[in-house]
Amino acid sequence: MSSVWIVIILVGAATVCLKAVGPVVLGGRELPLALSAVLFLLAPALLAALVVTQAVGGDRQIVLDERLLGIGAAAVAIVLRLPLLAVVIVAAAVMAGIRALS
């Protein structure tokens, strides 16, 4: 068995163990209120971090290009409370327009 498969199996086993820790440790009890509030905010923060790294991340450098204008247009569309499909279309149209002009 190659070292790649050993790493895949170990990461899979670690994932299963980490997922099992919560129910085993809590045993049906409710989470403390402070921890519950932090967990509630974790998903949006993680999503924002992923969006930023994909938007400005280059090959070991920060890249400022039309993707940022697309995200800005999407943010404006969200503030205007447009449907999600419209937000995606607006962002794509702005990025395509900027790419066509440059």
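What percentage of the 102 residues in the chain is buried? Buried residues make up 9%, where buried means under 20% relative accessible area, exposed over 50% and partly exposed in between, with a 1.4 Å probe and protein chains only.

This is a predicted model, in which local features need pLDDT of at least 70 and side-chain atom pairs count only at pLDDT 80 or more, while totals for chains, interfaces and linings use all residues. Residues are numbered from 1 along each chain as its sequence is written, and side-chain values use heavy atoms, with hydrogens and water left out.

**Whole chain.** Colour the chain by pLDDT, the predictor's confidence in each residue from 0 to 100. The average is 90, and 100% of the residues score at least 70. Switch to a cartoon: there are four helices and zero strands, in the order α-α-α-α from the N terminus. The radius of gyration is 21 Å, well over the 13 Å from the globule rule for 102 residues, so the chain is more spread out than a compact globule. That radius is taken over C-alpha atoms, and the rule is 2.2 Å times the number of residues to the power 0.38. The C-alpha trace spans about 55 × 45 × 25 Å along its principal axes. Helices here are DSSP runs (H or I, at least four residues), as are strands (E, at least two), numbered from the N terminus.

**Helix α1.** Select residues 3–26, then Ala20 within them. Ala20 is partly exposed, at 35% relative accessible area.

**Helices α2 and α3.** Select residues 33–56 for α2, the element with the lowest mean pLDDT (88); α4 (residues 84–101) has the highest (95). Show side chains for Val51, Gln54, Ala55 and Val56 of α2, which meet Arg67, Leu68 and Ile71 of α3; contact means heavy atoms within 4.5 Å.

**Two loops.** Most residues other than glycine have a negative phi. Select Arg60, in the loop between α2 and α3; its phi is near 60°, a positive value. Arg60 is exposed, at 84% relative accessibility. Finish at Arg81, in the loop between α3 and α4. Phi of Arg81 is also positive, near 60°, and Arg81 is exposed at 73%.
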